[in-house]
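Let us walk through this structure together, one region at a time. Have the sequence and the 3D view at hand as you read.

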Amino acid sequence: MENYSNRLNELVDNMEKVMIGKREAVELGLICLLCRGHLLIEDVPGVGKTSFANALAKSVDGTFRRIQFTPDIMPSDITGFSVYNMATGTMDYKEGAIMSHFILADEINRTSPKTQSSLLEAMEERQVTVDGNTYTLPQPFMVLATQNPVEYLGTFPLPEAQLDRFFMRISIGYPTLREEALILERFKGESPLNMLPAVINCNEVSDIQKAVENIFVNEKITEYIVSVVDQTRRHRYVELGASPRGSLNLYKAAQAWALYNGRDFVTPDDVVKMASHVLAHRMVMRQEAQMRKVTSVNVIEEAIEGIRVG
């Protein structure tokens, strides 16, 4: 486990050359990758969402494509389409932007629900079907979708069922004054992103993903996870609590966090660390909660404080 932990910390250190002062966000994105999940980044423009996705792809020597979602983008732009080949008399598949290890789905809430669904289907199935033919996506495969939490004019907000398909939601946030000054200094010439080396490869990522699945989780920890999720469904301010998929993803995230920290077993602190990032976006709060300024994170924290392990 220590070897895996060292390699993953090298990857995080490498990404920090670009994502200055955002180690926690980088770590959470890495956890999402190790769990074969997809990441929703909800933040204001200009804080480095595109750089985040590109730096992750470069650090693992994976391919990267950015899809700018607009109201007129079609599902075929994502999945690909068939064209007639006059020389052979056959229909040839022209791959869409989805055929890459890492996909940045920029402003996913600015496209139509139909196009959103085509992307989310690929996320779930890890394959696309065009004219009856199925094409497997490269591995590892990860979608990093962004949406703006402030500007909703002309957008199509993701329904709860689609939000639930994202393993985790994070926010990068503004840098501190010192960090922003360092950004100006580091980016004044050529972007460090252009010179960012790969520190591991896609095969190593696949090996570590398998290792995550073998991290030991005590029965008491499993009960703790289920109890925390159950409380999100019972709270008076919650209209819709976290789903069983949320429980499973919290279980996996705790395993990955344990491995990242060099352990082959999960502790309650691993669950606490991952809980709000994995569960908060899966919850729908009542209108009363909004008036009282109670958030889904507050509910999760309350559940954690009220439940003891074992």
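Thr-79 is found in helix 4, which covers residues 75–79; helices (H or I, at least four residues) and strands (E, at least two) are DSSP runs, numbered from the N terminus. With a relative accessible area of 14%, Thr-79 is buried. Here buried means under 20% relative accessible area, exposed means over 50%, and partly exposed is in between (1.4 Å probe, protein chains only). Leaving out residues up to four places away in sequence, Thr-79 touches Tyr-93, Gly-96, Ile-98, Ser-118, Val-128 and Val-130, where contact means heavy atoms within 4.5 Å.

Before going on, please keep in mind that this is a predicted model, in which local features need pLDDT of at least 70 and side-chain atom pairs count only at pLDDT 80 or more, while totals for chains, interfaces and linings use all residues. Residues are numbered from 1 along each chain as its sequence is written, and side-chain values use heavy atoms, with hydrogens and water left out.

Take Ile-31: neighbours within four places in sequence aside, Ile-31 is in contact with Met-168, Ala-253, Ala-256, Trp-257, Tyr-260 and Met-274.

Asp-61 is exposed, with a relative accessible area of 54%, and has a positive phi of about 60° although it is not a glycine. Most residues other than glycine have a negative phi, and most peptide bonds are trans.

Glu-107, in the loop between strand 5 (102–106) and helix 5 (113–125), has a positive phi of about 55° without being a glycine. In the loop between strand 7 (133–136) and strand 8 (142–147) we find Pro-140, and the peptide bond from Gln-139 to Pro-140 is cis, with omega near -5°.

How do the helices pack? Helix 10 (residues 244–260) and helix 11 (residues 268–279) pack at an angle of about 135°, with their axes 9 Å apart. Axes are lines fitted to C-alpha atoms, for helices over the stretch in contact, and angles run from 0 to 180 degrees between N-to-C directions. Helix 10 and helix 11 are therefore oblique to each other; angles under 35 degrees count as roughly parallel, over 145 as roughly antiparallel, 65 to 115 as roughly perpendicular and the rest as oblique. Residues making this contact include Leu-250, Ala-253 and Trp-257 of helix 10 and Val-271, Met-274 and Val-278 of helix 11. Helix 9 packs against helix 11 at an angle of about 30°, the axes being 11 Å apart, which makes helix 9 roughly parallel to helix 11. Ile-221, Tyr-224, Ile-225, Val-228 and Val-229 of helix 9 meet Pro-268, Val-271, Val-272 and Leu-279 of helix 11.

Finally, how many salt bridges does a search of the whole structure find? There are 20, each a side-chain nitrogen of Lys or Arg within 4 Å of a carboxyl oxygen of Asp or Glu. In one of them, Arg-7 pairs with Glu-204, the closest N and O atoms being 3.0 Å apart. Arg-7 lies in helix 1 (residues 2–15) and Glu-204 in helix 8 (residues 202–213), so the pair ties together parts that are 197 residues apart in sequence. Arg-234 and Asp-230 also form a salt bridge, at 2.5 Å between the closest N and O atoms; being 4 residues apart in helix 9 (residues 219–234), they are separated by about one helical turn. Glu-124, Asp-164, Arg-165, Arg-245 and Arg-282 are linked in a network of salt bridges.
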